Amino acid sequence: MVEGNGTNLAQNDKLLRCQWANNSSLERKYHDEEWGRPVHDDIKLFEMLILEGKQSGLSWSTILSKRETLREAFHGFDPSIIINYDENKIEELLQNTGVIRNRLKIKAVIDNAKAYYKVKEQYGTLDEFFWRYVNYTPIINHWKDISEVPSKTELSNIISKDLKKLGFKFVGSTSVYSFMQSSGMINDHITTCFLYDKGEEEL
């Protein structure tokens, strides 16, 4: 995920944001400094895909609140380490209150690390795999209200199916669309958001 530029925008409550970002200070900071900004680093993309999968059935604020402990528990989401996790490691993680203690979701991280290397073999990088779907250029939408923003699209359906064929888990179309938003493949800041025009200019 793209780090902030040092400007403490999340503390400036005079800014107009996408409505969902007003739920908490954590979500405001994430919205202002990360959401919708193009990401091309493979490890960050892998992390974002994992986090979106872990959100299934939970709120995004819950994931954000656990993000640092999840990073620590899963070795910075490094696939080269995760791919070697065994049953003992799974049991250890199930005892860790800092992670989402769901056996299927934990095993999915290991499966996804294995699938990550299938992507590397076929496409070179995770970055190449994902960004080719949008012609290497972010899709910029022009929604006026959060109610207009879809939860999934035909493109997210296609990507979800392709990920599953490669062995990825917890990558349903809705999770994939959220991943596309967060990684900047899609810019879904609504037109009244202070980042809408900025996104248009920079992208």
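Is Cys193 buried or exposed, and what is its relative accessible area? I looked this up before anything else. Cys193 has a relative accessible area of 4%, so I noted it as buried (under 20% relative accessible area; exposed is over 50%, partly exposed in between, with a 1.4 Å probe and protein chains only).

A note on the source: this is a predicted model, where local features need pLDDT of at least 70, side-chain atom pairs count only at pLDDT 80 or more, and totals for chains, interfaces and linings use all residues. Residues are numbered from 1 along each chain as its sequence is written, and side-chain values use heavy atoms, with hydrogens and water left out.

Next I checked for disulfides (a pair of cysteine sulfur atoms within 2.5 Å). I found zero in the structure. Cys18 is in no disulfide, and its nearest cysteine sulfur, that of Cys193, is 3.9 Å away. That separation is too far for a bond. Cys18 also counts as buried, at 2% relative accessibility.

Then I turned to the whole protein. I listed ten helices and two strands, taken as DSSP runs numbered from the N terminus (helices are H or I, at least four residues; strands are E, at least two). Along the sequence the pattern reads α-α-α-α-α-α-α-β-α-α-β-α.

I also wrote down that buried residues make up 47% of the 203 residues. The C-alpha trace spans about 50 × 35 × 30 Å along its principal axes. For contacts (heavy atoms within 4.5 Å), I took pairs at least 6 apart in sequence, and 68% of them join residues at least 24 apart.
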